[in-house]
Amino acid sequence: QVQLVESGGGLVQPGGSLRLSCPAFGIIASSHTMAWYRQAPGKQREFVASITSSGGTNYGDSVKGRFTISRADIKYAVYLQMNSLKPEDTAVYYCAIPNLGYWGQGTQVTVSS
């Protein structure tokens, strides 16, 4: 059974930082592109970032220059370092292996003073 388990969300003030983690269980995730998406209340799910098996990265326009995606293949994990957070970054963040249709349950990130 494949499981993606996000952690690291929470409440942070504007301008602060958070690091999300997502280990994958039941699959050799290092062979696949992994990604982060987010969904704010009342909005559609939005692409945040992705990283290929060879380390190539791609980012959504709203997070470029502030977020960094990385992976630790020995742990079959993907990470999202989020800096200079803004209130509009508030959302549930999901880890995914998009081409296989696997998604985690999400972790809440709230940016508020």
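**Figure 1. Arg-71 is buried, with a relative accessible area of 16%.** This model is predicted. Arg-71 sits in strand E7, residues 67-72. Its side chain reaches the backbone oxygen of Ile-51 at 3.2 Å. The backbone oxygen of His-32 lies 3.0 Å from a polar atom of the Arg-71 side chain. Residues that Arg-71 touches include Ala-29, Met-34, Thr-52 and Tyr-79.

**Figure 2. Arg-38 pairs with Glu-46 in a salt bridge.** Side chains of opposite charge can pair when their charged atoms come close. Here the N to O distance is 2.8 Å. Arg-38 counts as buried, at 5% relative accessibility. Glu-46 is partly exposed, with a relative accessible area of 31%.

**Figure 3. Arg-38 also forms a salt bridge with Asp-89.** The closest N and O atoms are 2.9 Å apart. This pair links distant parts of the chain, 51 residues apart. Arg-38 is in strand E4, and Asp-89 is in the loop between strands E8 and E9. Both Arg-38 and Asp-89 are buried.

**Figure 4. Asp-89 forms a salt bridge with Arg-66.** Their closest N and O atoms are 2.7 Å apart. Arg-66 lies in the loop between strands E6 and E7, 23 residues from Asp-89. Asp-89 has a relative accessible area of 0%, and Arg-66 has 10%. Salt bridges with shared partners join Arg-38, Glu-46, Arg-66 and Asp-89 into one network.

**Figure 5. Ser-21 lies in strand E3, residues 18-25.** Ser-21 touches several residues, among them Val-5, Trp-36 and Val-78. Ser-70 is 49 residues from Ser-21 in sequence. In space, the two are 9.7 Å apart, C-alpha to C-alpha.

How values were computed
Residues numbered from 1 in each chain as written. Predicted model: local features only at pLDDT ≥ 70, side-chain atom pairs only at ≥ 80, totals over all residues. Heavy atoms only, no water. Helix = DSSP H or I, 4+ residues; strand = E, 2+ residues; numbered from the N terminus. Contact = heavy atoms within 4.5 Å. Buried < 20%, exposed > 50% of the residue type's maximum accessible area, 1.4 Å probe, protein only. Polar contact = N/O pair within 3.5 Å; in protein donor to acceptor, adjacent residues only side chain to side chain. Salt bridge = Lys/Arg side-chain N within 4 Å of Asp/Glu carboxyl O. Lists of a residue's contacts leave out its neighbours within four places in sequence.
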